[in-house]
Amino acid sequence: MIIKKKLTERDKLEYLTHGGRTKLNRRDFLTRSTAAAVGYVMAPSIFSLIAKRAYGEDLNCPNQGGGNANNNMMAHLEYAAGGGFPLCREFVCVGPSRENGDFLKSYEKYAIPDDQGPTKNGFDPNSTIAGLDFHNGSQLMKAFDLHINPGVKEHMATMAIAVQCSSDTTQNQLSITHSFAQLGLTGSVVPLIGNSTLNPGGGRHALARGTQDPSIKSTLVKDPDTARSIGGYNQALVDRLGTPDRAQAVLEAMKNLSVDKINTLKNKFTVDDQAKVLAKCGYMNAKELPFRYKPDELYNAADPDLVAAFGDDVGAVHACIAELVANRYAGVGVIAENFYDTHDGTALTSNDQGLFLGKKLAQIVNYFDSKNQPLHLNCTTDGTMGVLFKDGVIQVEDVGDGVLRAKHPGDNSLCAILTLVYDPNRSASDFLVKQNQAQVGYFDENGVVLDSSIAANNPSNAALASLYNYLALNNMTDKMSTLQGMNGKNPFERKEEDYLIFKPKA
Amino acid sequence: MKARISQSILVLKNLTAFLPLMLLSIFLVSCQANVSGVLGSHSSDQNSNNGDNGDNNSGGDTQDPNEANAGLIGPGAKDYRGLEATLTAVTGIPRTKYSAIKDYIDQNESSLPMSKYLSALSSTQILATFNLATKYCEFIVDRSDERERFFKGSSFENLPPPNQSLSNDTQKLKLIDFYLGQFWGPGVLATQKQQAETDMMALLNQTLEGQDLNSSNTTKTVLYAACSGILGSGGTALD
């Protein structure tokens, strides 16, 4: 006798949103509540289903782990600080005209004493990248200049988005990593890599509102070993069985057994044929993937291009992630630095972090240059650092070469997304809509002016504005409203002149 | 007194009238409880709080179109919690018992399946699942205490060399069926089992080819390969 359990509406809802009823512990409950609060559900997005259905329909089973590596699109990296790195201390934030030279009355709240600020002293035009100007004494730019290969800056540009952020890193919706797979930038092995598992976006920041796609998973890459294993190659299996052929035979058996199981799948909800085809494709790819991309191919620390670009840092996480993204094994990468928060009350520590970041950025761009690959790189942080005043007087330290910077007692909410782009086929002047303007929103002497743009008081909109500029660089602005989370609208379209800093390639 | 007797008779009559209904209710409740408790093709569900798919192997459950449409694409895969619980249940090795297993899970949590939707299952997640299964297989085969416990009652407990234990199809089938019984349970469909036997037979033959058939190490290799193939397959990872 077959007794069929009648499902309640709650059962159905649970299946629909969470894929089955499970007991929740407190942590799970909080996680889900947070997820609900930021506006996503666990069901696969319609977009991803459509995209995957298309894969299933042609029955060719393209690489589901990554898919088609779209080499026509710029690669995207996010360099996400885990604390308050004072990005706004490095480039020259400007006022309402958003044009270079529209200096603020004072940069003391930005850690630069008035005596050394651009209002009195200007800045060194040689120590800059097209788009933004950088302060005299910017350690980030100093290190960048020291390490960048000759001629590379001539193919680069920068922009910034003024945004006020919370000092809670994981709550700031500054990441856009899930949107790229929807555009076709999926990587040949995996769509997304990152060295942090704090957020589904692969880094430390939350994803921009509504953009999370549950079918996109970030693969952990934190060192050369994990970089070498993103293809799933199981060295222990090969070693134990003696030859790769035998290991492949085990995977073949695993695939066959799985396909048999899929053919007989039956559960309370009918698993539709498309889902079965997709799962079969997944198993077929899983059988081939480790042997199509062997560890040495994925990451080889002895590779001359890697060594030339990264030197002693060849095993560092930013090298691993940049290498996998530049070679299109991964669609998008996130480098999450854990130690940016410089709560030691000094100016020197932040200074050192500027040197650190400038060097890493130069290494990454040099590597992309060696591969002739265009790059879109966002530097994000959860607010910059506060400035110490005593009796209204800024408290400074000499950070070297007579450069004075304020002591930083702790976080504040002054923030920006700093974007660097590199394209070997474009000159610096080809990137910008207006040569003298590279800032979305604006600042005053107290910080971000909150009504200066829809991004200024909304990290999620700031991230999406950055995505909009990425699309512009790739001649794809028409895709903006089609992306998950946009609900068919492009919030920047009506005031393009305020939000588009970068322009399409001529 | 007379009135009291007639009242009792009336109560009894009412009870008799409702008795079949009560019995039927009790029967239905017990059946319902039984259905909820039925395990799938293996015993993971009771451990993973994942018992909703318990009637997988009933072989004849009819689908209500309304229920079928309740989810655009129904669940069919296990998420990493269900997966861990399944692997623990079928191998008898808790995830925390050996650091190699625990470390693998901790380091690859983001690569293991996060949702139960079959359509969201990617090849990297499948590989992570397979590679996790191979970790469990290492301990089942390599550690003598785990091997003796797991293979107890089979002819492989003491690692007899292949020329004694895997020299013909009957012996090979014994190993395959042992694994299928342990990992997939008794609920596996006959056709699925038959197909699995064919596939695994090919794997065993390939693994034995050119190997020293007098060596217990060869038996170990075969046990490991067969364990990985079956434990890492959809039979374990799918609902």
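## A first look at chains A and B

Chain B has twelve helices and zero strands, where helices (H or I, at least four residues) and strands (E, at least two) are DSSP runs numbered from the N terminus. Keep in mind that this is a predicted model: local features need pLDDT of at least 70, side-chain atom pairs count only at pLDDT 80 or more, and totals for chains, interfaces and linings use all residues. Residues are numbered from 1 along each chain as its sequence is written, while chains are lettered from A and ligands numbered from 1 in the order in which they are written.

**Chain B overall**

- Of the 239 residues in chain B, 44% are buried (20 or more other C-beta atoms within 10 Å of a residue's own, with C-beta atoms placed from the backbone).
- Take the contacts in chain B with a separation of 6 or more: 69% of them link residues 24 or more positions apart. A contact here needs two C-beta atoms, placed from the backbone, within 7 Å.

**Where H6 meets H11 in chain B**

- Helix H6 (residues 123-142) and helix H11 (residues 216-231) of chain B have axes that come within 9 Å and cross at roughly 145°; axes are lines fitted to C-alpha atoms, for helices over the stretch in contact, and angles run from 0 to 180 degrees between N-to-C directions.
- On the H6(B) side you'll find Ala133(B) and Tyr136(B), among others, and on the H11(B) side residues including Leu223(B) and Lys220(B).
- The residues of this contact split into nine nonpolar, two polar and one charged (Ala, Val, Leu, Ile, Met, Phe, Trp, Tyr, Cys and Pro count as nonpolar, Asp, Glu, Lys and Arg as charged, and the others, Gly among them, as polar).

**A loop residue in chain B**

- Pro186(B) sits in the loop between helix H9 (169-184) and helix H10 (190-208) of chain B.
- Pro186(B) counts as exposed because it has 10 C-beta neighbours inside 10 Å, and the cut-off for exposed is 12 or fewer.

**The sheet in chain A**

- Eight strands of chain A form an open, mixed sheet in the order E4-E3-E5-E1-E6-E11-E2-E12; two strands pair if DSSP finds at least two bridges between them.
- Strands E4 (218-220) and E12 (439-440) of chain A are at the edges with a single partner strand each, so one side of each has no neighbour in the sheet.
- Helix H13 (residues 317-326) of chain A packs on the sheet, touching E1, E3 and E5 of chain A.
- Strands E6 (residues 375-380) and E11 (residues 414-422) of chain A run antiparallel and are joined by five bridges.
- Helix H14 (residues 348-370) of chain A lies across E1, E2, E6 and E11 of chain A, at about 25° to E11(A).
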